[in-house]
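Thanks for asking me to look this over with you. Here are my notes, as numbered points to read beside the model.

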Amino acid sequence: MITLIRGAPVTTSVDLTSRLRLVPLSDLPDSPQKRRMTSFDFSQRPSVAGMLDWEPPSSALVISYPKHPFLVGQEDPVAGDYIADSDLVSDAILALTIVGPRIVIHAVNWFSFDDPDLEAARLGVSLSSRNVEVIPNRRLEAFPPLDAAMAQQAVEAFISLKGSAKEKVRIALSRLRLALSRHSTGDKALEVAIAFETLLEDGGNAEMTHKIKVRTARLIGGSPAERERNAAIVGKTYEVRSAVVHKGHVDPSMSLRLRQGEAKVSAESVVALAMEVCAKLIWTILRRQNIPVWTSFDVAEHTGGE
């Protein structure tokens with residue numbers, strides 16, 4: 001099972017799990033599907049508007065199914081494997097968001113036979129794809145090649161999460177990816193705020209902004225200066241978010257001072273920093289393998305992130 005992805009270039013194959021491998025597109029065996037994806041003129045593609053028109057995928061996620069029979073029925077266990085493995089691929093794509101952070105999205109996928117006779121017997125070129133909710137306004141292949149160790153750690157840690165913690169991290173990763181993909185600063189601020197609140201809320205509405213920025217700073221940890229800066233970034237991002245909620249837009253000339261004595265920076269720069277902080281927060285939760293019970297964390301844990 002081969003899934004081409006955008007935004008996660010690699011220079012060599014990386015084993016993300018015991019069964020899932022990330023490989024450069026050039027390392028895939030020759031097939032009609034590969035030839036179609038590498039020879040297609042993306043610059044002339046009329047069906048999709050945006051930066052995706054200009055770049056073919058450069059890497060692929062691959063899962064092998066050794067020694068399975070050629071024909072299987074719905075009752076065969078291997079049919080269920082395909083469904084579970086599709087979920088595994090989706091989780092891996094999502095987890096790679098925090099390696100950077102970066103935008104990683106599904107391009108197309110197909111099944112290929114190692115046996116040349118079976119592959120030659122296929123009728124036509126079968127490809128399937130998924131709709132992209134927000135088409136990014138930047139070239140995804142401009143992201144640097146993935147760090148293999150970080151990619152493996154992110155995917156394995158996310159897959160290992162259980163229960164509500166995994167669901168909350170999944171939502172936060174999805175919102176972070178949307179924040180990275182959105183075109184306007186205000187929309188980016190809204191998405192990243194949802195990511196923070198999904199991970200850090202405790203069911204109450206009182207002093208939400210204060211809780212979010214303090215919990216973010218304390219959970220990520222670092223030196224006092226680093227904690228102060230992270231708290232300031234989150235707090236100022238909520239000012240941008242508030243402007244969108246109450247006015248419907250963010251003034252392009254809006255600038256903010258993160259801390260006393262520092263020069264003001266644009267709202268766009270503040271929100272970009274917030275997305276990096278959000279990625280660090282998710283990393284911290286993945287390493288912990290849990291989301292703290294906030295009522296206990298606020299009074300008992302004083303050392304911040306691990």
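1. A word on names to begin with: helices (H or I, at least four residues) and strands (E, at least two) are DSSP runs, numbered from the N terminus. Gln289 sits in the loop between α9 and α10 (294–300). Its backbone deserves a look, as Gln289 has a positive phi of about 65 degrees although it is not a glycine. Gln289 counts as partly exposed, at 32% relative accessibility; buried means under 20% relative accessible area, exposed over 50%, and partly exposed in between (1.4 Å probe, protein chains only).

2. Some ground rules. Please bear in mind that this is a predicted model, in which local features need pLDDT of at least 70 and side-chain atom pairs count only at pLDDT 80 or more, while totals for chains, interfaces and linings use all residues. Residues are numbered from 1 along each chain as its sequence is written, and side-chain values use heavy atoms, with hydrogens and water left out.

3. The overall picture. The protein has 10 helices and 8 strands. Of its 306 residues, 45% are buried. Contact here means heavy atoms within 4.5 Å. Taking contacts between residues at least 6 apart in sequence, 72% join residues at least 24 apart.

4. The sheet. Six strands form an open sheet in the order β2-β3-β4-β1-β5-β6, with antiparallel pairing. At its edges are β2 (14–15) and β6 (128–129), each pairing on one side only. Two strands pair if DSSP finds at least two bridges between them. As a reminder, strands of a sheet pair through backbone hydrogen bonds, either parallel or antiparallel.

5. Strand β4 and its neighbours. What does β4 (residues 59–63) pair with over 5 bridges? The partner is β3 (residues 20–24), in the antiparallel sense, and Val23 has Ala60 in β4 as its bridge partner. β1 (residues 2–6) also pairs with β4 in the antiparallel sense, over 4 bridges, and there Ile2 stands opposite Val62.

6. Is β4 mostly covered or uncovered? It is mostly covered, with 5 of its 5 residues buried. In a regular strand the side chains alternate between the two faces of the sheet. In β4, Ser59, Leu61 and Ile63 are on one side and Ala60 and Val62 on the other, and all are buried.

7. The loop between α2 (77–95) and β5 (105–110). Ile103 lies in this loop, and Ile103 is buried, with a relative accessible area of 1%. Leaving aside residues up to four places away in sequence, Ile103 touches Arg6, Gly7, Pro136, Arg138, Leu140, Phe143, Arg177, Leu180 and Ser181. Ile103 and Ala8 are 95 residues apart in sequence, yet their C-alpha atoms are 8.1 Å apart in space. Pro101 is found in the loop between α2 and β5 too, and a cis peptide bond joins Gly100 and Pro101, with omega about -5 degrees.

8. Helices α8 and α9. Helix α8 (residues 224–247) packs on α9 (residues 267–288) at about 125 degrees, with axes 9 Å apart. Axes are lines fitted to C-alpha atoms, for helices over the stretch in contact, and angles run from 0 to 180 degrees between N-to-C directions. The two helices α8 and α9 are therefore oblique to each other: angles under 35 degrees count as roughly parallel, over 145 as roughly antiparallel, 65 to 115 as roughly perpendicular and the rest as oblique. Residues meeting here include Ile233, Val234 and Val240 in α8, and Val270, Leu273 and Val277 in α9. The residues of this contact divide into 9 nonpolar, 2 polar and 2 charged. For these classes, Ala, Val, Leu, Ile, Met, Phe, Trp, Tyr, Cys and Pro count as nonpolar, Asp, Glu, Lys and Arg as charged, and the others, Gly among them, as polar.

9. Helices α5 and α9. The axes of α5 (residues 163–181) and α9 come within 11 Å and cross at roughly 160 degrees; α5 and α9 are therefore roughly antiparallel to each other. Val169, Ala172, Leu173, Leu176, Ala179 and Leu180 in α5 meet Met275, Cys278, Ala279, Ile282, Ile285 and Leu286 in α9. By class, this contact has 12 nonpolar, no polar and no charged residues.
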